[in-house]
Amino acid sequence: MQRFTDTIIRFPKTFLLLLVMVTMAAAYYGSTHFSMNADLSDLVEQKGEWRDNLDAVEAVFPDSGNIIIAVSSKDGEQAKIATEKLTMAFKERQLFADVFAPSTLQWFEQYAIGFLTEKEYQSLRDKVALLLPDVMVSTQMNNLQPYLGALDKQLSDPERSADEINTLMQPLLEALQDQDVDWQALLFADVSVPNGYVISLSAVPDYAETEPNKLIMNTVREVISSVGMPADVMVRVTGQTALDYDEIQDANDSVALAGTVSLVSLILILAIGIRSLRIIVASYLAVIVGLVWTFAAGLLLVGSFNTISIVFMVIFIGLGVDFAVHLSLHVYEQRLKGHDNSESLALSVQHCISPLGLCALSSAIGFLSFYPTAYNGLGELGVISAAGMILGLVATFLVIPLFFQFFGYPKVKRSNAKRSKVALKLSEFIVAQHRKIILMTLVGAVVTGYGAMQFQFDFSTLVLKNKNSESVEALQWLQDNKLGSSYQLFAVAKDRQQAQKWESQLQDSPEVAATISANSFLPQDFSQRVNELKESATPEAKRPTMMTWSEFAKKHQQLLNLQGASDTRFDETTLQQHLTAKIQPLMQELATAGTTIEDPNVDMLPSEIANKYIASDGQWLVSVTPSGDMRDVAQVNAFIETVQRVAPLATGRAVAEQQVGQIIVKAFYTAIAISIVSITLILLFSVRYKLDILFIFIPLLLTTTTTLAIAHWFGQSLNMANIIVIPLIFGLGVDNGIHIVKRFRHEQTITRFFSSSTPKATLISCLTTIATFGALTLAEHQGMYSIGFLLTIALSAILCFSLLILPAFLHRFEPRG
């Protein structure tokens with residue numbers, strides 16, 4: 001390393017030019033090759049029977065709808081009109097290969113009676129029987145008096161309820177308000193009109209672009225904007241494409257915010273802890289250069305970032321500064337001892353290269369621990385971050401010396417050479433209380449170990465997303481209104497009978513909100529209902545009772561007054577016109593119903609529906625929508641168990657995430673084993689006293705149990721993002737152990753150890769790392785937030801345990817001889 005240092009001192013301009021050229025090339029490569037990917041299938045290597053089953057279902061019934069448009073309004077009719085306009089607009093765009101909006105199909109208008117619930121149908125039938133026969137007679141005779149005579153007879157019936165009287169009076173009251181009676185609205189008043197509709201779109205992402213789903217989402221927004229929605233109509237976009245797009249946007253925004261906060265925090269902590277402008281600027285530049293190199297190297301190594309691997313940008317800021325702080329403070333320490341600039345730099349480089357190299361290697365191993373596993377998402381983060389550790393180390397040993405050569409070495413303040421009172425008191429406390437510290441460590445291990453055993457793994461990808469994003473909110477709205485869900489399960493029945501059997505078995509399950517198959521689009525008892533309505537509307541074959549308007553008004557004046565119709569000066573002709581103006585279409589509809597009505601069958605279903613739910617070989621697709629919160633693993637598991645108890649091969653996103661979760665848990669244990677074994681091997685060859693290996697691991701093991709226990713007590717769980725934290729505890733935490741053990745054995749006493757630069761460097765580097773990862777808790781992306789939350793706990797624990805517990809063990813068990 002002496003030759004390396006001498007070369008930098010002799011040719012600083014050459015090295016600076018090379019450094020600038022490499023950094024500019026890396027920045028250009030990164031800016032021109034940046035791309036993001038949020039596809040779950042790319043994050044985890046998916047193999048097994050469940051994957052084959054999912055592929056088999058998708059081969060027969062392709063799940064083509066990757067964008068879902070949710071249209072809602074308090075006015076159901078407005079929502080329906082808006083849905084029809086949007087459907088037409090989307091069909092005009094070539095980007096969308098398939099546009100499916102069931103509510104716009106004429107099928108549902110043609111057979112509307114068959115899609116009423118039993119309660120709605122009975123209400124309609126009762127109103128038809130109560131109102132239509134009398135007005136039919138009046139219409140046929142073109143005379144108001146038969147209607148008034150029949151109405152008088154019904155109102156005089158003492159068994160009539162108040163509701164029936166109000167219903168009987170409603171047509172007349174509307175006519176008395178000088179308006180045509182809306183018979184359709186009167187008869188269907190108790191029929192609930194949906195306040196929301198769904199449009200399913202299919203479009204292929206352009207994976208050649210930086211953001212593959214951007215064109216699709218921009219086109220969707222453009223279409224919605226061009227149609228122009230009324231103020232009371234809400235249009236929201238969800239589906240897998242929208243969820244992935246929103247996740248990428250949230251991830252990018254979160255990284256930008258956390259990165260900015262990290263860099264600002266870095267300056268503040270360095271300013272307070274070091275109070276040397278040159279060291280602060282040099283460290284800052286080393287971090288920036290290493291970050292640019294790592295950004296380009298990551299794209300070169302893995303091709304594109306995912307919503308997990310992009311976190312490396314924040315991680316690097318927190319870890320890259322450690323190298324710079326340790327090297328800079330060591331240079332400062334050597335100058336305090338009286339060495340000149342060149343000697344200080346040479347001695348510092350020679351002393352720091354071994355521990356910092358070991359730290360970079362151990363951190364890289366911690367990151368790479370997921371690489372041999374099936375979890376590609378974290379494996380890619382590991383590759384990028386491991387490369388970042390090496391590049392960060394190189395950047396530190398280039399930028400720091402060059403900066404000091406060009407801008408001068410940090411000024412030495414002899415006042416800083418004095419021993420820190422805090423460090424002195426801490427060393428005295430550890431010496432006096434080291435036995436109690438060791439005992440409390442054992443107690444803490446038992447308590448936190450019990451808490452750690454309670455932790456759970458949450459495999460749902462929804463917990464990683466911003467719960468306030470439009471796509472997530474719309475997804476929940478769809479599920480709440482039983483209009484669909486990205487977490488539906490799909491089961492393929494061999495025929496219609498099996499599909500009906502499954503639907504019957506699942507419809508009363510509390511975990512199931514709805515089941516849909518081709519059967520769901522067939523009207524119920526259509527012919528029977530039409531015949532019953534026609535029969536109810538047919539007047540009795542007898543001579544009608546006549547009553548004039550003046551007679552009726554005089555007899556029922558009190559009732560008319562109570563109904564707010566005190567003005568009875570209308571003539572019979574006007575009232576007759578208002579009563580019958582809109583009855584003709586209804587009469588024609590009933591007349592044309594005919595006597596031989598056939599119930600619609602499967603063969604009559606519109607092709608848009610039949611093609612989605614019935615295969616050419618006769619297999620039927622049954623879609624099952626969950627009723628629970630799919631962000632809750634317990635509810636997801638219960639839903640899957642319920643459906644697969646009936647249809648064992650039912651599959652879908654919920655099953656995929658459950659199985660992927662099991663793969664990740666296995667990867668988790670593999671990664672921990674790799675981290676521990678690899679770091680142990682490194683320590684065996686780098687630590688002089690083998691018992692020190694155990695001492696280094698004690699704070700790491702205690703940090704692991706403490707982190708998991710606190711996470712559990714705060715209601716947090718491990719998920720697909722923050723699961724990397726535990727292996728990282730070993731990869732990152734061992735850095736402090738190496739620094740402290742090597743310096744402690746070199747200084748030989750605890751007092752001299754706390755008088756060296758190592759405790760201060762450890763404190764500052766940990767604080768900068770904590771601040772960096774703590775910034776992730778500001779992220780809207782919940783996966784990043786969870787990483788920041790757990791790493792803040794872990795690094796805080798590592799700091800405390802490394803400066804308290806580790807020295808206590810080193811002091812208590814000093815090697816003899």
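Select Phe-404 and Tyr-409 in this predicted model; both residues are buried. Their ring centres are 5.3 Å apart and the planes meet at 40°, so the pair is tilted.

Next, select Phe-34 and Phe-295. This aromatic pair is stacked, with 5.9 Å from centre to centre and 20° between the planes. The two residues are 261 apart in the chain: Phe-34 sits in the loop between α2 (12-33) and β1 (36-37), while Phe-295 belongs to helix α13 (residues 277-302). Phe-34 has a relative accessible area of 21% and is partly exposed; Phe-295, at 18%, is buried. The cut-off for buried is under 20%, so the two values fall on either side of it.

Two arginines come next. Arg-529 lies over the face of Tyr-121, 4.6 Å from the ring centre. Arg-812 lies over the face of Phe-813, at 5.1 Å from the ring centre.

Now turn to the largest nonpolar core, which has 233 residues. Leu-132, Trp-183, Tyr-375, Trp-549, Leu-683 and Ile-723 have the most contacts inside it. Colour helix α32 (residues 782-812) as well: its 18 residues are the largest share of this core. Another core, of 23 residues, lies apart from it and includes Ala-82, Ala-89, Ile-199 and Met-217.

Finish at Leu-683. Which residues is it in contact with, leaving aside neighbours within four places in sequence? They are Ile-693, Ile-696, Phe-697, Val-734 and Ile-738.

Technical notes. Residues numbered from 1 in each chain as written. Predicted model: local features only at pLDDT ≥ 70, side-chain atom pairs only at ≥ 80, totals over all residues. Heavy atoms only, no water. Core = buried A, V, L, I, M, F, W, Y, C linked by side-chain atoms within 4.5 Å. Buried < 20%, exposed > 50% of the residue type's maximum accessible area, 1.4 Å probe, protein only. Helix = DSSP H or I, 4+ residues; strand = E, 2+ residues; numbered from the N terminus. Contact = heavy atoms within 4.5 Å. Phe/Tyr/Trp six-rings, centres within 6.5 Å; stacked < 30°, edge-to-face > 60°. Lys NZ or Arg CZ within 6 Å of the ring centre and 35° of its normal.
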